[in-house]
Amino acid sequence: MQVVKVDRLSKRYGEVVAVDGISFTVEAGTCVGLLGGNGAGKTTTIAMMLGLLLPSAGTVEVLGADMARQRWRVLDRMNFSSPYVELPNRLTVRENLAVYGGLYGVDDVPGRIARLARDLNLEAFVDRPVGRLSAGEKTRVALAKALLNEPAVLLLDEPTASIDPDTADRLRSYLELFRRETGASIVLASHNMSEVERLCDEVLMLRAGKLVDRGVPAELVSRYGRSTLEEVFLDIARDRRREAAE
Amino acid sequence: MTAEPLPPAVAVRSRGSARRRIGAMFMRHWFLLRGSWPRILELIYWPTIQMVLWGFITLHFQQNSSWVAQAGGVLISGVLLWDILFRGQLGFTISFLEELYSRNLGQLFVTPIRPWELVVALMGASLVRVGIGSTSAAILASFIFGYSIFDLGLPLAAFFLNLMMFGWAVGIAVIAVLLRVGLGGESLAWLVIFLVAPVSAIYFPVEALPDWIEWLAWCLPPAYIFEGMRSVLFGQGFRWDWLLGATLLNIACMVAVTALFLWSFEVARRQGLLLRTGE
């Protein structure tokens, strides 16, 4: 079953084309990676999937709702995390999660916070203001916020940015477990190729707002005759796609 | 739209309601206030300084002005009611600015909260801010100058509600602009209300204004409130017609600024401004 349907989606800012007619679907319980360099259109695509940004053309449907017009129907079953937005710095981690728990209508917010604090190792600083946390700790808190309502569709924009390799590995394991246990679908935008290879069932390659290639990570690596997804990424980012694929 | 049933992915029970979301947003501002004594001090500081200043001016004018001598509390009441309007607007707008300062707007608007629910929560936050600031000043006025604005009785409640409504209307207009221009428009929060101060008849009657500007005063709700306040203080009774005038104008203002806010929100969604709300 398709939980996300993106159809000929475009976003223009005057002469600048940020996203250029991309189409894809996300099946229930799968993880789809959005890969591309800076300015490829990943964040813009995610913003349109959340209904935070209106498309210039095309449509996004999430859980059956048109995100341009009916997003209120499904926002309580979605969530996201991004380094481009923050949580109020003066509120403690617990206070922030309590506020968002209320906004998402989560039952037993204190219990849910306790569970996430344990699972994501936030217990040591759960009563500290977010502004006093390190970048890595903030990223973990942002992820806790994103998992607060156990979303059916989770959109993650660089979810392990600023995190040390050990913690990043734990978080990836947790995301795998979360997906297995809840059947959630994940759309992941990341620059970390090993993360994408590990978590994603399918990868969408974006360049200059266009969807230039797609496939299962291992299949892409083999099709491009490379040994890693990072090499495939470089081929695409530098427009060596055609000769590499041929 | 898909006709297939959705997967039972959500183990966490979700019971969202407008009341709960408004409560959560209100809680967000309450957490912010209770954790910051400088914020609380600032809320009390300016209304108190204003009240003390105008209290001494009143003492002086009571001996030198027959108009002020008729009702000793006319200037202090003016300043306290003006403060309700000013703080009502400022409390509303500052609470919204807190979301911009913390780059939290993008997080908020991907939750199920509707724009109108956010506005109601901001009104609640503004009420708390006014309650802390203006109530403290009003209580201090009775201790320092022996004048209690609460002696106005029930009309005070009518004045308060109308002034808060107008403050919120101005606040909604300001956040509609902030949605478009971000923190670049921050100073509007402090300045814009003073545009209406000269024609609000806070310390003098509308008839004291030049003829060519009197009509403007009667187009805005505050003039009706301050004239109504003087009517009560000078023993001329409560003017229901002025209360009605203020209320109708407030409703018209609310409708206009709500339309402006919703339009601004849609423009912000079209231009991607909800994710880029810095300077």
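This is a predicted model: local features need pLDDT of at least 70, side-chain atom pairs count only at pLDDT 80 or more; totals for chains, interfaces and linings use all residues.
Residues are numbered from 1 along each chain, chains are lettered from A, and side-chain values use heavy atoms without hydrogens or water.

**Sheet.** I looked up the strands (DSSP runs of E, at least two residues, numbered from the N terminus) and their pairing (at least two DSSP bridges between two strands). I found an open sheet of six strands with mixed pairing, in the order E6-E7-E8-E3-E9-E10 of chain A. Strand E6 (78–81) and strand E10 (210–215) of chain A each have a single partner strand, so one side of each lacks a neighbour in the sheet. Strand E9 (residues 202–207) of chain A pairs with E10(A) in the antiparallel sense over five bridges, and Met205(A) stands opposite Asp213(A) in E10(A).

**Helices.** I then turned to the helices (DSSP runs of H or I, at least four residues). Helix H5 (residues 165–182) of chain A lies across E3, E7 and E8 of chain A, and runs at about 165 degrees to E7(A) (axes are lines fitted to C-alpha atoms, for helices over the stretch in contact, meaning heavy atoms within 4.5 Å, with angles from 0 to 180 degrees between N-to-C directions).

**Pocket.** Which helix gives the most to the lining of the second largest pocket? I noted that helix H4 (residues 135–147) of chain A does, with five residues.
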